[in-house]
Amino acid sequence: MKSLLGIFLVTIATPALAQHDHGAAVQQAPADPHAQHQMDEQSANPHAGHDMPPKPSESTDPHAGHQMPSAPTKDAQVHAHAGHEPGIPDPPVGPPSAAALGGPAHAADAIFGSPAMAPAREVTRKEHGDIKSTMILIDQLEAVIGKGKDGYAWNAQGWYGGDIDRLWVKTEGEGSFGEKLESAEVQALWSRARDPWWNLQTGVRHDFRAGRDRSYAVLGVQGLAPYWFEVNGALFLSDKGDVTARVEAEYDLRLTQKLILQPAAELNFAAQDVPELGIGSGLSTAELGLRLRYQFVPEFAPYVGVNYERAFGDTADFRRTRDEKSGGWQFLIGIRSWF
């Protein structure tokens, strides 16, 4: 009987003790309202129990402390459209600083030695700054049809050299079909570039005429004037002391990619009368031409055109004494080519 009474008392006291312990735990740590949620998440999350990486701080985050970019202003947008990054100032314009030019002329010699670097510099100079090239331009090779006898004429030039110094050769002439050559000239010139657009030329010229050959010293310029006008001017001093000059200009007007209209002009001057050559002082002759060519390829372009030539002053008088006209129109058919 006593045994049954002891078992009954133990049974009653056990829930009471458990409730007392639970109450003490509640007083020590407040209940977490999300405890059940955390248990559910741990049970549902396959990565539960893994250590999560620490939250990046300002010392570990590379972007910590950076401000978000603001919307670009109107000026920044204008610079961006012009090819500049917003907020980056334009590079300074001016010569390099003195420090940039204060080092040795060939710094690599201190490491590799002059015997090794001198041949390397020579190879670089030849491959990048001393390239030799050649060009031959037949600007005009044409049949001339006018009142009286029909004839032919040519105007060509070529050069060999680099970007600065070149050997330049020019030739032009005319004649009538079935007759001897009326006139021809050849110039051999040394040409030196003064800037990207203009060349200074000097050399000799020789004229081939029937019984009236004559040689000249030549000083001239050739280049590209503003608005893409090709200009050639020269001063001639003959072995007889005669001084003459010539100015030529032409312009390529592209009507299409292949159809090109080329107006051209030539003026000749003389400082004195040269009766044996039929040249008078002052403005002796002038020519105006208009040629329309079709460029099948850049190297080959046939053309048709017209040309008006006129003599002035004493030059016209010399022509009339030889029963020649002082000027007139001519119809042209020719070819322009280069290689």
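Predicted model: local features only at pLDDT ≥ 70, side-chain atom pairs only at ≥ 80, totals over all residues.
**Entry 1: the whole chain**

Residues are numbered from 1 along each chain as its sequence is written, and side-chain values use heavy atoms, with hydrogens and water left out.

Next I checked the secondary structure and found 6 helices and 13 strands in the protein chain. Both are DSSP runs numbered from the N terminus: helices are H or I with at least four residues, strands are E with at least two.

Of the 339 residues in the protein chain, 25% are buried. Buried means under 20% relative accessible area, exposed means over 50%, and partly exposed lies in between (1.4 Å probe, protein chains only).

**Entry 2**

I followed strand β4 (residues 181–193) into strand β5 (residues 198–208), and a hairpin of 4 residues joins them. The two pair in the antiparallel sense over 10 bridges; strands pair if DSSP finds at least two bridges between them. On its other listed pairing, β5 runs antiparallel to strand β6 (residues 214–225), again with 10 bridges.

Which residue of β6 is the bridge partner of Thr202? I found Leu219 there, while Trp190 stands opposite Thr202 in β5. A handy reminder: side chains in a regular strand alternate between the two faces of the sheet.

I then looked for a cavity, which is a set of points on a 1 Å grid over the protein atoms alone where a 1.4 Å probe fits but cannot get out; a pocket is an open set with protein on both sides within 12 Å along at least five of seven lines, and lining residues have an atom within 4 Å of a point. Grid points are joined across faces, edges and corners, and a volume is the space filled by probe spheres set on the points.

The structure holds 1 cavity of 30 Å³ or more, and the largest cavity has a volume of about 40 Å³. Its lining is Asp139, Gln140, Gln262, Arg291, Arg293, Tyr303 and Arg336. β1 (133–146) and β11 (282–294) are the elements that give two or more residues to this lining.

How do the lining residues of the largest cavity divide by class? I noted 1 nonpolar, 2 polar and 4 charged. Here Ala, Val, Leu, Ile, Met, Phe, Trp, Tyr, Cys and Pro count as nonpolar, Asp, Glu, Lys and Arg as charged, and the others, Gly among them, as polar.

The second largest pocket has about 180 Å³ of space. Among its lining residues are Leu224, Trp228, Arg293 and Arg336.

**Entry 2: two positive phi values**

Most residues other than glycine have a negative phi. Trp228, in the loop between β6 and β7 (229–238), has a positive phi near 65°. Trp228 is exposed, at 58% relative accessible area.

Asp323 sits in the loop between α6 (313–321) and β13 (327–338), with a positive phi near 60°. Asp323 is exposed too, at 75% relative accessibility.
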